[in-house]
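The sequence and structure are shown first.

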Amino acid sequence: MAKTKQTARKALQIPNLVDTVNAKVYGRRAPETRKSKPKKGMTPIRGPSEVSFSVTEPRDKGNELSDSSESDTPVVSANTSAEEDEQEEDQVEEEQEEEGEGNGSGDDEDDGNEEEQHKGNNGGDDNDEEEEENEGNDDEKDECGDDGKTIVEDEEENAKAKNPVKRVKKDVTDIAHSARHVSATHLMLPPLRGGKLRGEPRDGGKVLFGYPGSWAHCISETIDHKDAALLFRYQSSFKKMELWPLEGECARVRDLVENSGLYDVVVNSVIAYDKVAVSSFCERYHAEVDTFQLPFGEMAITPDDAEQTLGLQVEGKLTGEKFKRRPSWNMFSGTEKKEKEGGISDMECRYAAAGYLLYVLASVIFPDIKGNRVSANLLQLFDSLEDVSKYSWGTAIIAHLNGQLSQGSRKLTSQINGNLALIQVWIYDHFPSPIKDNEDVELNPKWSKGSPTGTKYLFTGSQDREQTDALIQMRQKIDNITAKEVVFNPYKNNRVGAMEDVMYYHGPLFHPNVFSMYNPIRIMRQLGFIQDSPDEDYVPPFKHKLEKCEADEAGIKVAYEPEVDVKHWNDRHSRIVDISWWVHADEVHEATPDYVEWYESFSHGRVIWVNPTPGRRTNRASTSSSSQVDSRDATSIMTLVVSI
């Protein structure tokens, strides 16, 4: 039979993997021989030689990628015994049974809820029980052993046992263990008359409707803001990638991976985690506008940042299309050794490359609290490995990170995920002033100009949790920073080629589970223009659909009118904003007087609450000897903000 284009394409695609897995690896034991279920808890990440992946469906309510519930998806563990396979399957099933009731992971909701195909900015990680289970599965666990608990946590528990203190919310209900960062009632300021909130935007929260349940509001309501300190835990992405080094694969696999366009993000996400920098900016993130609220205006992580920092392309196909359900499958590793021992086929190389890339998605691109688990739906992105480089991975990683920042901005959240190397290096690139005296941040002597800035810096600080004073100092520095101290275009002398047109696109950026809204009008300075406010007759293409928006202390959901759809991205070239009226900035920090008035009408630019009474600050700064208290009064500070 003549070889047609269709048969040629099929030859490049991955065949029915479930048959391959069942034939080669997965042998199910009889029910009567099954062992007892293991203790509930997150399975720690293991290297591909032990267990490469546990594949489950996403459990985000309304996730358009899920055509079935989690319990329908089989779990496959590579290179393990049948007994270990079944134990891990039992564990996942047990977790799903207990978690599924409260987070809407059932078939009916997934199939019937078309209006919630994408969850705006909530990241899907707002389950407090999951956070408690996963507390030991972060950087500190790697350093302190496998018992799932750090030395610091042990000390905290011992102290609580000796001096038990009942911590309650304002409504006298107990504060959950996962929200132990929330200040006790006696450390909070008394409520204001008329139900007004401290730090509430001037418009009463019409734009930032989720402010009452935000961590930023909790800080404003604390007598001394040093008592409201939250340093986010995090699972290190680059440590996960060390479990599967690409150097252990044969040349054919390495070529497939390196040509995919995804390996650059692995290379550029190796910086150690700076929890002070990341935590201090997360408390300023507001999902309602998908920007950081700062004293001088708004800023955001842009597609250009993803391209310049991680080397990811931003133009291309969408990774958030609705997928058909696919089976789980086994991943192969160690192909270099196998090739030397007996040789491997081209198809086995393609299996290994697809497995490695799926591991990259779970560990670096879209990491979350599920650890080494990832949706089998994402396999369809690798149906043709030659097409992987055609996706807009840069916008997808931003959408996922913004979803995690959105969740992290809520009062009851204590853990953050996502590719935090992107935001961390973004902070270093744009805000040299707050970190210039930080001895833990160094320039990498091996970084070369023209390379992505992901490897430009080294963070040598300790991962010890006791960094409250450093967080307080950083909070005060950012609260008093001016636009003149910010580098809005740090890539000016490092850029190769022109800025992509997608930088002027106004619309949603998609990750397979969530979306975030990108609006270049809010961040004109980052694009090289004088920051201005919208005209009075400006009609935004997307407005909040408030009856569909939801926000509380645990999470936030943002809905828009018109309803967000993948067609907005696919039609992005017709959604470029008109920049003909924009004015190029001689000094990139410039903003019009109209902008200052417009921004201050809805914003929460300062985290530390300033009493409107001149010369008086109720939400006082830390009195710790290691903290630098801002000596300026409220009037001089606000004058400074208005004058930029």
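## Conventions

Helices (H or I, at least four residues) and strands (E, at least two) are DSSP runs, numbered from the N terminus. The model is predicted, with local features needing pLDDT of at least 70 and side-chain atom pairs counting only at pLDDT 80 or more, while totals for chains, interfaces and linings use all residues. Residues are numbered from 1 along each chain as its sequence is written, and side-chain values use heavy atoms, without hydrogens and water.

## Aromatic pairs

Rings of Phe, Tyr and Trp (its six-membered ring) pair if their centres lie within 6.5 Å; planes under 30 degrees apart are stacked, over 60 edge-to-face, and the rest tilted. The whole structure holds 22 aromatic pairs. Phenylalanine 542 and tyrosine 560 are edge-to-face, because their ring centres are 6.4 Å apart and their planes lie at 85°. Phenylalanine 542 lies in the loop between strands S10 and S11, and tyrosine 560 in strand S14.

Tyrosine 595 and tryptophan 598 form a tilted pair, with 5.9 Å between centres and 45° between planes. These two are separated by about one helical turn because they are three residues apart in helix H21. Tyrosine 595 is buried at 0% relative accessible area, whereas tryptophan 598 is partly exposed at 26% (buried means under 20%, exposed over 50%, partly exposed in between; 1.4 Å probe, protein chains only).

## Cysteine 549

Cysteine 549 occupies the loop between strands S11 and S12 and is buried, at 13% relative accessibility. Beyond its neighbours within four places in sequence, cysteine 549 is in contact (heavy atoms within 4.5 Å) with Phe209, Lys557, Val558 and Ala559.
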